[in-house]
Each structure stands twice: as C-alpha cells, then as structure tokens.
Amino acid sequence: MKKKLIVSMLSIFMAYGNTAYGAVEETHWVMKELKDYKQYIVPYRDNASTQGTITQKEWDSFQRNVLDWGNLDKPILLDDWATALKMAADLPKKNRDAWISMYVHGLGKGTEITRENAVGGMVKLLIGSYLKGSWSAEEVKPAKALLDHQDISDKQRGLVEIAYVQGILDDSVKEKFRPNDKLTNAEAISMMFRVMGELAYDKPDLPANHWLSEELESAYQSSKLPKPMLKVLRRAFQDPMNAERNIPVALWHEMLVSGLPVPAYMKEKAFMYTLAYDKDGGILRDRAVVGVTKLGKNPRSATAEEKMKAENAFADYRAAFDSDKIAVAYGDGLLEGRNGQSFGVNGYLTYAEAVALAIRASLREALNDTPLLIDEKTALQIAKETDPDSEAEWKVTFKKGLVLHYNTNRSIYDGWVVEAVYPAGNKMVVYIDARTGKIMVLGEIEASIGETEESS
C-alpha cells in the first residue's frame, strides 16, 4: 500500500513538473525571440568546430548553459557571452581573440558581466563590423528617455546610447536599462537576436541621393541576395562616406565569394581572380571585372557581337587588361556604358562600383538558376495577342542579360524579343521575360525611322 502511494505521488509530481515546464516555456518574455534566434545559429549546431568561428566545446557550453530554458534568468557566463558575440559579430580572424579578451573578459568580473559593460563591449565589437564609429549628440538624444540614463557610467554611456538608438538592447528594457545588474542568458539572447536578425542584414547607408541608392534598394527588395553577402555589404558601408573610396581588395574578394555560388573546386583558387590582383591594397576596375566573370557557375568567353558592342560602348575597351571579360560583363548587363564612354581601366574600383558589380552578378546567377518556362512559340503567341488582327511579319529572337530601368527599379532578365514589321514599314517590338511570360517593354517604331535600332 505504501509503495503504491509513493508511485502515485511521483506520478502527480511528474505531471505537475511537465505543466510547469510548459508554462515557463510559453510565458517567458524571451521565448518568441529564442525560437528565431535558434534558427540564426543553426550553422553552429552540427560540427561547430568546422565553422571557423567557435569550437565544439564552446558550442556545447552555450547550448547547455544559455539555451536551456531553466537557465534563462541566470547570469550569463563570460565564456558563453564571448561565444554569442563570435557568432553574431563579423570579427576579423586576426583580431578576434584580442578583441574578445578586451571587450568581454576585460570588462567582466569573475565569471559574469554587468549589463552596461556587456553592451559597451558589444557595441565596440560591432563598430568593427556593422556600426559606424561616431555619433552626434542629436543622433543619440532618444536614449535620454531612459529613466536611469544618468546611472550609466561615463565610460559606457555613449555606447549604451548607440545600442539604444540602433534598437539592439534586449526586450526587457522598457523605461529603465538597469546598468549594474548582471546580464542574464535571456537578455543576451534578446540582444543577439536583434543583431543577427536585423542589424547584420540591414541595407547599407549611402550618402544622400547617391547613384547606387535606387539599385541597392531594388536588389534588397528582391530578397534574392545571399545572406552572407548581405552581412558583407552591411559591414562595407559602416561609414556611408566609403561609397566613393577605393575598396580594399580583401573586402572585394569577400564580397564576391559571399555573393556568387563559387563551385567547390574554385574556392581555393578564388584568390587568383581577386587577391592576386592586389595593387597597393586596392584593385583596378578591369581586373575586378575578371573576378566577376570568372567566379560564377559558368564562366565563358564573349561572343563576336558582345565584343563589338563593348568596343562601341567603351572608348578604352582595347586597353583593358582582359577586354574579353569586359565584353562578357557588358553582355550580361553587369556594366553599363554609352557610345564612347570611358570604362576607366586604369582607375581603382570604388566601394559603390564594387557593390553594383557584385549584386548584379549575384542576381544574374540567381536568374540562371531559374528555368526558362516560355519557349519561342509561346513568346510569339503572347506578342501576337497585343495585335491579333495584324498582317505583320513576325520575328522572334532570344536575348540574354536584358536590362530594364523602370522608375527606381533596375532588373536584368533573359527575354524573347518579338518584332512585328507591318506592310507600311513601321514596327512593333515586344520584350517578354522568358521565365515569367510578362511583357517587359512594348514599343513602336515609325516607318520613317524604321531602319534605326530600337532599345529597351
């Protein structure tokens, strides 16, 4: 009888324990963010030691101490806070250990760290990746709304203000920051969720009315740029004034490798088309184009028609290091030129030019992965529907890398160009996206200028 009673009591206890677990899991303020945060750090879950940022031992400790629901409100251990930052911040390998030592362990006390020191160190590390280094008093003014703003130490106040206006303080911050409290696992998760899910992938800042702004906006809206590339772009423009500066060749290499689906056999040789062209720390424009065209899935040579068009577009085409690759890039819509315009073969590639080349190439590769759904016959049918009763003679041609500018959007597409020539000599030209069947451009050419070349 006594044994049966003990078993019954144990069953009740276990049932109550399960209920309590569910209640904590569902009601804790960080649970919603934790679910998404776990997805951001999935790459570190399996074979974490191969990721190059954290070791398997660090991952095991992080999973055991930080991600366990029962530890959410406990102070985070310094080593685990360092692991969280390594996964979130894009720290250069050569400086990573020294920076972690300075901005994590150097600011902690024992095995823990206060909230103000944790945030101050975090912002210092993010300035090396996603944040600019200086802020005006007007920019950080909203942070003064914190009721305990004056309780933050002079050393960390400015850094906490930056985190506040960037929206990367944890969700427990409402009216107060609580600078001297110990940072908890839940609070660390909440901040890293914001850094990894929002800050790291934000669209880069550019100077007002910059020529790249509209194209960059369009590329981000497409949602087709690889996530690793978004992180590199964000870091590249931590200072908006970088736009017209010469891009370091190492950053150009990283931008290309993160944005293009470089085949495995090419990854070790990728430096040949980027870093090997180092000239005083930068890279010349014509050499940069070689990397863009060589590192894609299907590198190729230019056609005779592409070479002719590139030579007409760029006055210094023949002076290029590899004019064939200039023609390929121009034919694929990666370069834009007008008759007699200079390409600037002896000039250095700027940040803005690098981004334009890289995102166009990345979107071009994404386009190549999308199958052609509209064949020649279907394209002709679509075009004829625009004028079903005509007696025109119809001609259909396939074109790769057509470039369309519409308002603030710029798109590259492969399309069918359907031309209708009417008895009176005038023409109608229909440009059709070969993947969607959408009519991209419909234009008419009067007989008097029928011999001129139309353009989209």
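The legends below describe close-up views of a predicted model.

Residues are numbered from 1 along each chain as its sequence is written, and side-chain values use heavy atoms, with hydrogens and water left out. Because the model is predicted, local features need pLDDT of at least 70 and side-chain atom pairs count only at pLDDT 80 or more, while totals for chains, interfaces and linings use all residues.

**Figure 1. Overview of the protein.** The protein has 17 helices and four strands; these are DSSP runs numbered from the N terminus, with helices being H or I of at least four residues and strands E of at least two. Of its 456 residues, 47% are buried. Buried means under 20% relative accessible area, exposed means over 50%, and partly exposed lies in between (1.4 Å probe, protein chains only). Among contacts with a separation of 6 or more, 66% are between residues 24 or more positions apart; a contact means heavy atoms within 4.5 Å.

Figure 2. Apart from neighbours within four places in sequence, Tyr-37 contacts Phe-62, Leu-67, Ala-84, Met-87, Ile-189, Met-192, Phe-193 and Met-196. In soluble globular proteins, nonpolar side chains tend to be buried together.

**Figure 3. Helix 4 against helix 8.** The axes of helix 4 and helix 8 come within 10 Å and cross at roughly 10 degrees. The axes are lines fitted to C-alpha atoms, for helices over the stretch in contact, and angles run from 0 to 180 degrees between N-to-C directions. Helix 4 and helix 8 are therefore roughly parallel, a term for angles under 35 degrees; over 145 counts as roughly antiparallel, 65 to 115 as roughly perpendicular and the rest as oblique. Trp-81, Ala-84, Leu-85, Met-87 and Ala-88 of helix 4 meet Ala-188, Met-191, Met-192, Val-195 and Met-196 of helix 8. By class, this contact has 10 nonpolar, no polar and no charged residues. In this classification Ala, Val, Leu, Ile, Met, Phe, Trp, Tyr, Cys and Pro count as nonpolar, Asp, Glu, Lys and Arg as charged, and the others, Gly among them, as polar.

Figure 4. Helix 10 (residues 227-236) is largely enclosed by the rest of the structure, because eight of its 10 residues are buried. These are Met-229, Leu-230, Lys-231, Val-232, Leu-233, Arg-234, Arg-235 and Ala-236. Their cover includes helix 4, helix 7, helix 9 (213-222), helix 11 (249-259) and helix 16 (351-368).

**Figure 5. His-28 and Asp-73.** His-28 is found in the loop between helix 1 (2-27) and helix 2 (31-40). It counts as buried because its relative accessibility is 13%. The side chains of His-28 and Asp-73 are joined by a polar contact of 2.9 Å. A polar contact is a pair of N or O atoms within 3.5 Å; within protein, one must be able to donate a hydrogen and the other to accept it, and residues adjacent in sequence count only if both atoms are side-chain atoms. Not counting residues up to four places away in sequence, His-28 touches Leu-72, Asp-73 and Ala-186.

**Figure 6. Ile-76 in its loop.** Ile-76 is in the loop between helix 3 and helix 4 and is buried, with a relative accessible area of 1%. From C-alpha to C-alpha, Ile-76 and Thr-111 are 8.3 Å apart in space, and they are 35 residues apart in sequence.

**Figure 7. Glu-306 in helix 14.** Glu-306 is in helix 14 (residues 304-313) and is buried at 14% relative accessible area. A polar atom of the Glu-306 side chain lies 3.0 Å from the backbone nitrogen of Thr-303.
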